[in-house]
Amino acid sequence: MKQRLFLIVTLALALVALAGLWLWWNDPIEPDDARQIATGARLYAEHCASCHGADLEGQANWRLRRSDGKLPAPPHDASGHTWHHSDAQLFAITKHGVGQFAPRGYASDMPAYSDRLADGEIRAILAFIKSTWPADIRRRQSEINRMSGTR
């Protein structure tokens, strides 16, 4: 009887732990979560604003290649193309860099942040960025997520 109770309690604890891990790995990007947005704003200022602008405006002439062949950092506000990507793509680009998503030979100054930011920090930055978009852009990006199976 004690062994059975021990087994049941152990399985229950294992299920709770697995559920917690699943939630941790699948923490959503929440552009309406004030805590996530505040964290994201701080991290954006620290890691992203020097290239993408304090107001998410990007660098000048961001659609024109520089003499080194690289494109300037694009804006993350509604005038840019960030919202054209699913949350999963934005997360992966931020974590792993542009290289795996761009055509062969594409050069970019965008670093991978896998060794600098935790997954939750990346999601917080993306939540902050998304929180600045107007309602119509957020709806359109939500549709992109839905079509891609992101959420």
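Which residues of α2 are buried? The legends below take up this question and the surroundings of the helix. The model is predicted, with local features requiring pLDDT of at least 70 and side-chain atom pairs pLDDT 80 or more, while totals for chains, interfaces and linings use all residues. Residues are numbered from 1 along each chain as its sequence is written, and side-chain values use heavy atoms, leaving out hydrogens and water.

**Figure 1. Overview of the helical chain.** The chain holds 6 helices and 0 strands, in the order α-α-α-α-α-α along the sequence. Helices (H or I, at least four residues) and strands (E, at least two) are DSSP runs numbered from the N terminus. Of the 151 residues, 33% count as buried (under 20% relative accessible area; exposed is over 50% and partly exposed in between, with a 1.4 Å probe and protein chains only). Among contacts (heavy atoms within 4.5 Å) with a separation of 6 or more, 53% join residues 24 or more positions apart.

**Figure 2. The two faces of helix α2.** Gln36, Ile37, Gly40, Leu43, Tyr44 and His47 are the buried residues of α2. Viewed down the helix axis, they fall within an arc of 135°, so they line one face of α2; the arc is that of the directions from the axis to the C-beta atoms. An α-helix has 3.6 residues a turn, so residues three or four places apart point the same way. Exposed residues Ala34, Arg35, Arg42, Ala45 and Glu46 lie on the face turned away from the buried side. The cover over the buried residues of α2 includes α3 (49-52) and α5 (119-131).

**Figure 3. Start and span of α2.** A side-chain oxygen of Asp33 comes to within 2.9 Å of the backbone nitrogen of Arg35 at the start of the helix. The end C-alpha atoms of α2 (residues 34-47) are 20 Å apart, in agreement with the 20 Å that its 14 residues should span at 1.5 Å a residue (1.5 Å times one less than the number of residues).

Figure 4. In α5, 10 of the 13 residues are buried, including Ile122, Leu126 and Phe128. The chain has 1 aromatic pair (ring centres of Phe, Tyr or Trp, the last by its six-membered ring, within 6.5 Å; stacked under 30 degrees between planes, edge-to-face over 60, the rest tilted). Tyr44 and Phe128 form this tilted pair, 5.5 Å centre to centre with 50° between the planes. The partners, Tyr44 in α2 and Phe128 in α5, are 84 residues apart. Tyr44 counts as buried because its relative accessibility is 1%, and Phe128 is buried at 13%.

Key: A polar contact is a pair of N or O atoms within 3.5 Å; within protein, one must be able to donate a hydrogen and the other to accept it, and residues adjacent in sequence count only if both atoms are side-chain atoms.
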